[in-house]
Amino acid sequence: MGGFQKHGGTNFVSFSGIDGAGKSTQIDALCARLREDGRSVLLIRFWDDIARLTWLRESAGHTIFKGDKGIGSPSKPINRRDKNVQSWPMTWVRLFTYTIDAISLRIAVGRALRSGADLVIFDRYIYDEFANLKLANRAIRAFVRIIMAFVPRPQISYLLDADPIKARARKPEYPLDFLETNRRSYLALNDLIGGMTVIDPMPVEEVTRAVIRHALTELSFAFRNGSNDGGITTAEPCGDLATLDELDKGHTRPAAL
């Protein structure tokens, strides 16, 4: 996307994938590697900081479709009803809200790239909304192409592929058949728009090595400590890093829709 050049060496990456794919784990690992090198990171959570009309999403997911709130865990599984509702009326609602989110995203990326941070990390991106659409439909594919011509692309768009059974065991929120469909949708999206870096399903430590090794190779700043060997450091949560506008929101996860 033209007009989104790096400002002062700011790099820009995103992490996407089905629920339970391990996005937060890999973001934390990359943050830890950057902290070790004395780099500054701006973390932007798509559902909290970019998505708009959250009241509509909450109403659809909880009030209309009677889905559970919160974040699922192995000890406390939940049944969400939002993005897994695939009726055509909901598809029209998604096209409307995703267009608004695209405008919000473009503005946020522009601001983030002027932040002076060494790296901007998006925890999910517009791709994670596209994966909820009926990508086999010609009109939907045209919509995706139009939005992709408008929103900026990260330098690296990580797609963490994952076994749906293992992903659901880690984060039990959606039915297994939906996770399987959603996984196919992500891969179909990559075929449609291209340019995503797909990390194959592997043990967590191997995924971490692959992500860090790739990031150290592809990002433009030179790391000061050690070689580009994809070494793993002790990962600490990114939650204490700066976020856009120093947002002080509780991350209770709004309905994904």
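A crossing of two helices is termed left-handed if the near helix is turned anticlockwise from the far one by less than a right angle, and right-handed if it is turned clockwise. The model described here is predicted, so that local features need pLDDT of at least 70 and side-chain atom pairs count only at pLDDT 80 or more, whereas totals for chains, interfaces and linings use all residues. Residues are numbered from 1 along each chain as its sequence is written, and side-chain values use heavy atoms, with hydrogens and water left out.

Helices (H or I, at least four residues) and strands (E, at least two) are DSSP runs numbered from the N terminus. Axes are lines fitted to C-alpha atoms, for helices over the stretch in contact, with angles running from 0 to 180 degrees between N-to-C directions. The crossing of H6 and H8 is right-handed, and their axes come within 11 Å at an angle of roughly 65°. Contact, meaning heavy atoms within 4.5 Å, joins Arg 141, Val 144, Arg 145 and Met 148 in H6 to Leu 189, Leu 192 and Ile 193 in H8. With Ala, Val, Leu, Ile, Met, Phe, Trp, Tyr, Cys and Pro counted as nonpolar, Asp, Glu, Lys and Arg as charged, and the others, Gly among them, as polar, this contact has 5 nonpolar, no polar and 2 charged residues.

Helix H6 (residues 138-150) also packs with helix H4 (residues 88-112), their axes coming within 10 Å and crossing at roughly 10°. H4 is therefore roughly parallel to H6, where angles under 35 degrees count as roughly parallel, over 145 as roughly antiparallel, 65 to 115 as roughly perpendicular and the rest as oblique. On the H4 side the contact includes Trp 88, Tyr 98 and Arg 106, and on the H6 side it includes Phe 143 and Phe 150; its residues divide into 9 nonpolar, 2 polar and 1 charged.

Helix H1 (residues 23-36) and helix H9 (residues 204-218) pack with axes 10 Å apart at an angle of about 50°, and the two are therefore oblique to each other. Their crossing is right-handed. Thr 25, Gln 26, Ala 29, Leu 30 and Arg 33 of H1 make the contact with residues of H9 that include Val 204, Val 211 and Leu 216, and the contact comprises 8 nonpolar, 3 polar and 1 charged residues.

Grid points are joined across faces, edges and corners, and a volume is the space filled by probe spheres set on the points. The count comes to 1 cavity of 30 Å³ or more, and the largest cavity holds about 50 Å³. Strand S4 (156-160) and helix H8 (176-193) each give two or more residues to its lining, with H8 supplying the largest share, 3 residues. The lining, which includes Gly 17, Asp 161, Arg 183 and Tyr 186, divides into 6 nonpolar, 1 polar and 2 charged residues.

Key
1 Å grid on protein atoms, 1.4 Å probe; cavity = no way out; pocket = protein on both sides within 12 Å on 5 of 7 lines; lining within 4 Å.
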